[in-house]
Amino acid sequence: MADHSDAVTRDAQIQWDDPVDRRVPLTLGIKSFNELTEIVCRPVEWQTPKHWWRVFLFALTGLGILVASTAYLFWEGVGVWGLNNPVSWGWAITNFVFWVGIGHAGTLISAILFLFRQKWRTSINRFAEAMTIFAVMCALLFPTIHVGRVWAIYYTLPIPNQMGMWPQFRSPLLWDVFAVSIYGTVSILFWYVGLIPDLATVRDRAKTRIRKIVYGIFALGWRGSTRHWLHYERAYLLLAALATPLVLSVHSVVSFDFATSQLPGWHTTIFPPYFVAGAIYSGFGMVITLMVIARKLFGLERVMTMRHFDNMAKITLLTGSIVGYAYSVEFFTAWYSANPYESFAFVNRALGPYAWAYWIMVTCNVVVPQVFWLKKARQSLVVLFIVSIFVNIGMWFERFVIVVTLHRDFLPSSWDYYSPTIFDVAAFVGSFGLFFTMFCLFVRFLPMVAISEVKAVLPQANPHAAHGEVSEGGH
Amino acid sequence: MAVIFPRWANKVPLYLAVVGALGGAFLVFAVWYWGSPNYTDVGYAPEQPVPFSHRLHAGELAMDCRYCHNTVERAAYAAIPPTETCMNCHKSIAKESKKLAAVRKSYESGRPIAWVRVHLLPDYTYFNHSVHVAAGVGCVSCHGRIDQMNIVRQAKPLSMSWCLSCHRQPDAQLRPRDEVTNMSYDPKQAGYEPAKDPARKRKVDPPIHCSGCHR
C-alpha cells in the first residue's frame with residue numbers, strides 16, 4: 001500500500017505543477033485500464049465484509065421503523081401525525097421536498113455536466129445518480145402515504161373510470177405527480193443505460209453460474225462491439241438531453257405547490273429558481289456526505305479524488321450563496337412590496353415562534369458553507385463531511401420553515417404551534433432507512449463508478465498524454 | 001467469452017415486449033369492461049318473493065307509478081308500498097290467486113313482504129328522488145321501461161359517470177312535469193325544450209361538484 005499512496009502523492013504533485021492546466025488528474029496512480037476495473041469491481045465481488053453487514057442491518061432497522069409506522073398510519077389514519085389547522089401540511093411535505101431536492105445533484109452531475117463535457121463527472125455520476133433514484137423513491141413515499149386513503153391513490157392518475165372523474169389539472173399537486181414520476185422514470189432509464197457496459201464487465205468477470213445469469217440478463221447481451229457503442233452513446237446523449245430540463249423543471253413544479261397558493265410568504269415569483277438552487281445545493285450536500293464514507297469503505301480514493309470534492313465544494317458554495325441571496329431577497333421584497341401581511345410573514349419567520357428553526361436554517365445553509373472559500377477547507381475530508389451534514393440539516397429546516405409559515409394565518413384566533421408526533425419522526429427516520437437500505441444494496445451489487453466512462457478519461461486513453469510515466473501501459 | 005444463454009434468449013426481449021404490450025392492453029380492457037357497472041350491475045333482476053309484474057300493473061293496467069311509490073315527489077326515497085296498498089285492490093281482485101298467497105299471508109300476519117332491492121346506490125352517495133321528479137326527470141330515464149318488465153331488472157349502470165353525464169347536460173332528460181311518470185313519452189320526439197316551457201320558473205342546474213352527492 002505504501003507505493004500506492006506514494007503514487008497518489010506523486011501524481012498529484014506532478015499535476016498540480018502542470019504549467020498547462022494546473023489541475024490534479026481525474027484519477028490518481030491508476031496504471032492501466034485493468035487496474036481501474038479491479039478497483040471498482042472489488043466491492044461487487046468480494047466476500048461481503050462485516051462493515052457492510054453492520055451498515056445494512058442498521059439501515060434495515062430504519063426500514064422496519066418505516067414499515068411499522070406506515071402500517072399504523074394506514075390503519076389509524078393521518079390523525080396520528082401532528083398535522084392540524086392551521087398547519088395542515090407538516091413533516092410529510094417537508095420530507096417530500098427535502099428528498100426530491102436531494103435527487104437533483106445526481107441529475108445535474110449525470111446530465112448537465114455530461115452535456116457540458118465536464119470530464120470530472122465520470123468518477124461520481126453513477127454514485128450520484130443512484131442517490132437520485134433512491135431519493136426520488138423516498139420522496140414519492142411521502143405524498144403517497146399522506147393521502148389517508150392510500151388505496152385511492154390512483155385517483156391522481158388520469159385513468160378513464162366509471163366515475164367520469166379526472167384529476168384536477170389546475171392543481172400544482174397534480175403537476176407534482178407528473179413531474180416527480182417523469183423524473184423518477186427518466187432517472188432510472190438514464191442510470192440503467194449507463195450501467196449496461198459495466199454490468200457486462202461484471203458478467204464477464206463472474207465466477208459463479210448464478211452471477212453470470214443474473215448480470216447477463218441485465219447486461220442485455222452487451223458485447224462491446226462498435227455498433228453497440230454507437231447505439232449506446234446516442235441513447236445516452238438523448239437521455240442526458242431529456243434529463244437536463246428536468247433538473248430545472250422538477251423542483252420548479254415542486255415550488256409551485258407553495259408559490260401558486262395565495263399565502264404571504266409562499267406567493268412569490270422567486271420560489272422556482274430559489275427551490276432549484278436549494279435542490280442542487282442539498283443534493284451536493286448529500287453526495288459529499290455519502291461519498292466521503294463510501295470512498296473510504298470501498299477503497300476508491302484513487303477514483304474519487306480530492307479534485308472531485310473540490311469541485312463539488314465549489315458548487316455547494318455557489319448554490320448555497322444563491323440560497324442565501326434568495327433568503328435576503330424575500331425580506332427585501334416583503335419590505336419593498338409595502339404589503340403588511342407579507343412583511344408580517346417574514347418578520348414572524350425570523351422573530352416569531354419558529355425563529356429557532358429559521359436561524360438554524362440560516363446558519364447551516366448560508367454561514368457554514370462559506371468556509372469553502374478556503375481551499376484548505378475544500379481539501380479536507382473532515383471539513384467537507386461536517387459542512388455537508390450542516391447542509392443536509394439546513395436544507396431540511398428550510399423546507400420546514402416554509403411549511404410552518406402556516407402557523408400564523410389571517411385569523412389570529414386560529415394561530416397555533418405545530419409539533420410533530422412520534423409517527424412523524426418515525427416516518428422521517430424510516431425514510432432514511434429506506435434510502436440507506438437501497439444504497440447498501442447498490443454498493444454491494446452494482447459497480448458504483450462508471451468504469452467505461454472513467455476509462456475514457458484515464459491518461460492512457462489520451463493519445464497525446466503528457467506524462468509518459470502515467471500513460472505507461474496505455475494503448 | 002463463454003456462452004451463457006442459448007440462442008433463443010435473443011428473442012426473449014421481443015416476446016416480453018409483445019406479451020407486455022398485449023397483456024397491458026388486455027388488463028386495461030378487462031378493468032374497463034368487466035369492472036364497469038355496465039357489466040356488473042346492469043341486468044340485475046333478482047327473484048322477488050311475490051311474482052309481481054310491473055308489465056301487468058304499470059303497462060297493461062296503466063297504473064300510475066305514484067299509486068304505489070307514493071313518496072317519490074316529496075321524499076328522498078320512492079317508497080316500496082306496504083302490503084296494505086296491494087290489498088286495496090286485491091281484497092276484491094284475484095282473491096284466490098296462488099300467486100298472491102304470500103301477499104295475503106303478509107296482510108294477515110302484519111309482517112312485511114321481503115322485497116329484494118334492485119336499484120341500490122352506495123351509502124356514500126346522497127340521492128333524492130323528489131328533486132329529480134320536481135326537475136322533470138322521467139322515471140324511465142333511470143329505471144328504463146319498467147312498464148314492459150315482468151321482473152324488474154336494472155336497466156342503467158347507476159355509475160358516477162352515468163350520473164354525471166346527465167348532471168353535466170341535463171336538458172336531454174327533462175320533460176314536462178306532468179309527463180314524468182309517462183313511460184312512453186319521448187321528449188325528443190315531442191320536441192320538448194325545457195327553456196321554452198312556461199311552467200319552468202328557472203333553469204335546471206344540477207350540481208357537479210363533489211359534495212353535491214357526497215355530503
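Biologist: How many residues does the contact take from chain B and from chain A?
Modeller: This is a predicted model. In it, chain B puts 10 residues into the contact and chain A puts in 8 residues.
Biologist: Which helix gives the most on the chain B side that touches chain A?
Modeller: Helix H9 of chain B, residues 160-168. It supplies 4 residues.
Biologist: And how do the residues on that side divide by class?
Modeller: 6 are nonpolar and 4 are polar. None is charged.
Biologist: Switching to chain A. At what angle do helix H2 and helix H6 pack?
Modeller: About 75°, with the axes 11 Å apart. H2(A) spans residues 33-45 and H6(A) spans 172-205. An angle from 65 to 115 degrees counts as roughly perpendicular, so H2(A) is roughly perpendicular to H6(A).
Biologist: Which residues meet there?
Modeller: From H2(A), A:Thr37, A:Cys41, A:Val44 and A:Glu45. They meet A:Thr201, A:Val202 and A:Arg205 of H6(A). By class, that contact has 3 nonpolar, 2 polar and 2 charged residues.
Biologist: Back to chain B. Where does B:Gly43 lie?
Modeller: In the loop between helix H2 (37-40) and helix H3 (54-60) of chain B.
Biologist: Is B:Gly43 buried or exposed?
Modeller: Exposed, because B:Gly43 has 10 C-beta neighbours inside 10 Å, and 12 or fewer counts as exposed.
Biologist: What does B:Gly43 touch beyond its sequence neighbours?
Modeller: B:Arg153 and B:Gln154, leaving out residues up to four places away in sequence.

Terms used
Residues are numbered from 1 along each chain as its sequence is written. Chains are lettered from A and ligands numbered from 1 in the order in which they are written. This is a predicted model: local features need pLDDT of at least 70, side-chain atom pairs count only at pLDDT 80 or more; totals for chains, interfaces and linings use all residues. Two residues are in contact if their C-beta atoms, placed from the backbone, lie within 7 Å. Helices (H or I, at least four residues) and strands (E, at least two) are DSSP runs, numbered from the N terminus. Ala, Val, Leu, Ile, Met, Phe, Trp, Tyr, Cys and Pro count as nonpolar, Asp, Glu, Lys and Arg as charged, and the others, Gly among them, as polar. Axes are lines fitted to C-alpha atoms, for helices over the stretch in contact, and angles run from 0 to 180 degrees between N-to-C directions. Angles under 35 degrees count as roughly parallel, over 145 as roughly antiparallel, 65 to 115 as roughly perpendicular and the rest as oblique. A residue is buried if 20 or more other C-beta atoms lie within 10 Å of its own, exposed if 12 or fewer, and partly exposed in between; C-beta atoms are placed from the backbone.
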